[in-house]
Amino acid sequence: MATDASPQLRSVPPPSDFQPEISLSRTPTHDGLHFWQFMIAGSIAGTVEHMAMFPLDTLKTRMQALGASCSVQPVSVRQALGSILKLEGPPGLYRGIAAMGLGAGPAHAVYFSVYELSKQVLSRGDPNNSIVHAASGVVATVTSDAVFTPMDMVKQRLQLKNSPYKGVAECVRRVVMEEGIGAFYASYRTTVIMNAPFTAVHFATYEAAKRELMEVSPDTANDERLVIHATAGAGAGALAAALTTPLDVVKTQLQCQGVCGCDKFSSSSIGNVIETIVKKDGYRGLMRGWIPRTLFHAPAAAICWSTYEASKSSFQQLNSR
């Protein structure tokens, strides 16, 4: 008697830990948004944040670049502001804003989309893990700094008093011809070393503060939630900015070296720059500009996070239709 020896095909259920492949372009992520929607929301948030707070960024750059070639008395925020308004008028506060506009949008698109993707991959079902938030922030800043650093260098050179450059295009052209492409990334290592702890503290503090504030008033309306995002963002931004000011001073010195009397360094060694600053201005020189830096990052983070969350909410409503 003949028998059918062909094997019987049975459907095998996937293992319990099976996860389908994530498509960045079609499959919504953990917040119900597509990858490109995170990029747009981040781009909008970054552009609004930096353009709105640009005058304070100019004050910070001026204060950190002062006294690079010789020891000087500390300059207060009021003195720096008065000097700019007296000698250059209000437009002096906005020199270099075009470079910021060109760099902030793309950099923050990378920043937030990489953060959200990293948080999704690393969280493993635990959205409240502060270590994951910090690690995701570090991954995001390393990636986005590669995009933003060249324009940030151009922006800071244009912000200097008596800057020899007339605009973004001339600055880029002269730097390429006189110093080479590498000059755009002279501060990249310092920027990453500064922004890694900055972002780790910032994102971990923001997510924790947001969670606590949400638990206090879980039934808040959309307008009240924006206040929560702004409050959590402001606190996180101020704390992270104050803690990382010394490395920001080093970054400014590297990006402005050889321009308007700033020191020229033989290498981009962080230790070499710190030694030079301490020798001429003492340890106080490493905290130069911490007040405008903190005043910048507190409202900037509030603006950025509230704008980002509002943009995400708009996309979520659009996707639910």
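This is a predicted model: local features need pLDDT of at least 70, side-chain atom pairs count only at pLDDT 80 or more; totals for chains, interfaces and linings use all residues.
Let me start with confidence. The mean pLDDT of the protein chain is 83, and 85% of its residues reach 70 or more.

Among the elements of the chain, helix H8, residues 222–243, has the lowest confidence, with a mean of 81. Helix H6, residues 168–178, has the highest, at 96. Over residues 1–7, pLDDT is below 50, and beyond near neighbours in sequence that stretch makes 0 contacts in the model. Residues 18–25 also stay under 50, but there the model has 6 contacts beyond four places in sequence.

H5 covers residues 130–159, and its axis comes within 10 Å of the axis of H6. They cross at roughly 110 degrees. That angle falls between 65 and 115 degrees, so H5 and H6 count as roughly perpendicular to each other. The crossing of H5 with H6 is right-handed.

Which residues in H5 and H6 meet? From H5 they are Met-151, Met-153, Val-154, Arg-157 and Leu-158. From H6 they are Val-168, Cys-171, Val-172 and Val-175. By class, this contact of H5 with H6 has 8 nonpolar residues, no polar ones and 1 charged.

The second pair is H4 and H7. H4 runs over residues 97–123 and H7 over residues 188–216. Their axes lie 14 Å apart, and the two helices pack at an angle of about 65 degrees. H4 and H7 are therefore also roughly perpendicular to each other. Their crossing is right-handed.

On the H4 side, the contact is made by Tyr-111, Tyr-115 and Lys-119. On the H7 side, Thr-199, Phe-203 and Glu-207 take part. The class count for H4 with H7 is 3 nonpolar, 1 polar and 2 charged residues.

Is Thr-190 buried or exposed? Its relative accessibility is 0%, so Thr-190 counts as buried. What is Thr-190 in contact with, leaving aside neighbours within four places in sequence? The list is Leu-247, Val-250, Lys-251, Leu-254, Ser-268 and Ile-270.

To recap the two pairs: H5 and H6 cross at roughly 110 degrees, while H4 and H7 pack at about 65 degrees. As for confidence, residues 1–7 have pLDDT below 50, and residues 18–25 stay under 50.

Conventions:
Residues are numbered from 1 along each chain as its sequence is written. Side-chain values use heavy atoms; hydrogens and water are left out. Axes are lines fitted to C-alpha atoms, for helices over the stretch in contact, and angles run from 0 to 180 degrees between N-to-C directions. Helices (H or I, at least four residues) and strands (E, at least two) are DSSP runs, numbered from the N terminus. Angles under 35 degrees count as roughly parallel, over 145 as roughly antiparallel, 65 to 115 as roughly perpendicular and the rest as oblique. A crossing is left-handed if the near helix is turned anticlockwise from the far one by less than a right angle, and right-handed if clockwise. Contact means heavy atoms within 4.5 Å. Ala, Val, Leu, Ile, Met, Phe, Trp, Tyr, Cys and Pro count as nonpolar, Asp, Glu, Lys and Arg as charged, and the others, Gly among them, as polar. pLDDT is the predictor's confidence in each residue, from 0 to 100. Buried means under 20% relative accessible area, exposed over 50%, partly exposed in between (1.4 Å probe, protein chains only).
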